[in-house]
Amino acid sequence: MKPVSLIQFLIEERRAGHINAELSLLIEVVTRACKRIAVATSKGALGGVLGNAGSDNVQGEAQKKLDVISNEILLEANAWGGHLAACASEEMEDPQPIPDMYPKGNHLLLFDPLDGSSNIDVNISVGTIFSVLRCPEDVTEPKVEDFLQPGTQQLAAGYVVYGPATLLVLTFGHGTHEFTLDREVGSFILSRRDIRIPEQTAEFAINMSNQRHWEAPMQRYVGELLAGKEGPRGKDFNMRWVASMVADVHRIITRGGVFFYPLDAKIKAKGGKLRLMYEANPMAFIVEQAGGAATTGRERIMDLQPTGLHQRVPVFLGSKGEVEVATRYHREADVAFA
Ligand code: FBP
């Protein structure tokens with residue numbers, strides 16, 4: 001089979017009427033920037049890019065040098081690209097306008113420039129997550145409220161995982177597709193089209209060290225998984241936790257599984273750990289387009305009306321069967337204790 005490059009794939013999507021020229025060019029700009037991030041992350045200590053940057057981000061988290069470098073690479077590439085009205089990042093409090101000297105476009109871009117950055121110094125896979133929205137009509141200087149659109153309004157979502165191979169996973173709402181970076185040619189090549197996540201799975205991902213803080217329905221659900229075939233679920237379950245959402249989600253996209261970052265007593269006041277606009281929404285779009293499901297434990301993530309740029313939510317995503325069971329346990333508990 002003749003290899004299909006990302007550029008060819010984008011042209012096919014345009015001919016199919018799934019995307020317009022501007023969105024196609026925006027994805028080219030974003031993925032080209034991710035190739036530069038792949039080079040930066042692969043340098044490790046030789047590039048002097050490991051360790052803390054000595055500054056905190058808007059969430060009060062210590063920034064890694066590569067958080068800052070990745071953020072700058074994406075900002076710079078998208079500033080002159082001409083396809084954006086503005087962008088927003090995990091690393092910046094407010095939306096970043098496009099400098100007046102550059103042409104503006106009709107799209108809004110949100111991104112987590114380097115997800116899983118707590119793993120960068122120990123050479124475990126990290127990634128970039130992005131989401132694209134339409135800029136509301138007649139808005140030339142987008143404000144925060146222009147970004148606060150439900151996940152169902154996303155025009156595109158994707159992530160790039162910087163691991164042994166550099167992989168791009170992308171959706172425009174017409175299936176989810178994977179591309180592998182051919183480092184010799186410098187192009188992303190289609191490696192899996194129309195990915196399907198198995199509905200059933202025997203593999204779950206959660207940070208077990210938070211167990212004592214979980215809500216009762218989460219305790220029940222995980223307790224039953226751990227009880228295995230002698231327990232009410234009648235089968236054994238295996239556990240994995242990379243602590244890089246991109247890597248955990250990519251495993252699920254590849255062989256099925258279910259991922260949880262539930263609400264717990266420690267993070268209740270914040271509403272969760274993971275961010276809705278540039279982690280949960282894009283991953284939910286990608287997973288749903290691959291036949292999986294994504295909820296907060298109570299609601300479909302992509303139906304949520306956002307209230308803040310850096311809003312956090314609980315995340316349950318992956319194989320539909322297990323997301324439905326865990327969500328049902330939470331809804332039943334809410335009814336029982338209402
Ligand atoms: P950032 O690294 O972008 O802040 O993302 C948060 C994250 O690292 C996710 O990638 C991962 O799923 C989770 O936090 C890990 O949490 P924990 O440290 O509790 O295991």
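**The ligand and its surroundings**

The ligand sits in the largest pocket, where a pocket is an open set of points on a 1 Å grid over the protein atoms alone, with protein on both sides within 12 Å along at least five of seven lines, and sitting in it requires that more than half of the ligand's atoms lie within 2 Å of its grid points. The elements that give two or more residues to the shell around the ligand are strands E5 (107-115), E13 (258-261) and E14 (274-275), strands being DSSP runs of E with at least two residues, numbered from the N terminus. E5 supplies the largest share, three residues.

This is a predicted model, in which local features need pLDDT of at least 70 and side-chain atom pairs count only at pLDDT 80 or more, while totals for chains, interfaces and linings use all residues. Residues are numbered from 1 along each chain as its sequence is written, and side-chain values use heavy atoms, with hydrogens and water left out.

Of the 17 residues around the ligand, Asp-112, Asp-115, Met-245, Tyr-261 and Arg-275 come nearest, a residue being near if one of its heavy atoms lies within 4 Å. A polar side-chain atom of Glu-90 lies 3.2 Å from a ligand oxygen atom, and a polar backbone atom of Gly-116 is 2.9 Å from an oxygen atom of the ligand.

**A hairpin**

Strands E9 (residues 176-182) and E10 (residues 187-192) pair in the antiparallel sense over five bridges, pairing requiring at least two DSSP bridges. Asp-182 stands opposite Ser-187 in E10, and in this hairpin, with four residues between the strands, Gly-186 takes a positive phi near 80 degrees.

Note on methods. A polar contact is a pair of N or O atoms within 3.5 Å; within protein, one must be able to donate a hydrogen and the other to accept it, and residues adjacent in sequence count only if both atoms are side-chain atoms. On a 1 Å grid over the protein atoms alone, a cavity is a set of points where a 1.4 Å probe fits but cannot get out, and a pocket is an open set with protein on both sides within 12 Å along at least five of seven lines; lining residues have an atom within 4 Å of a point.
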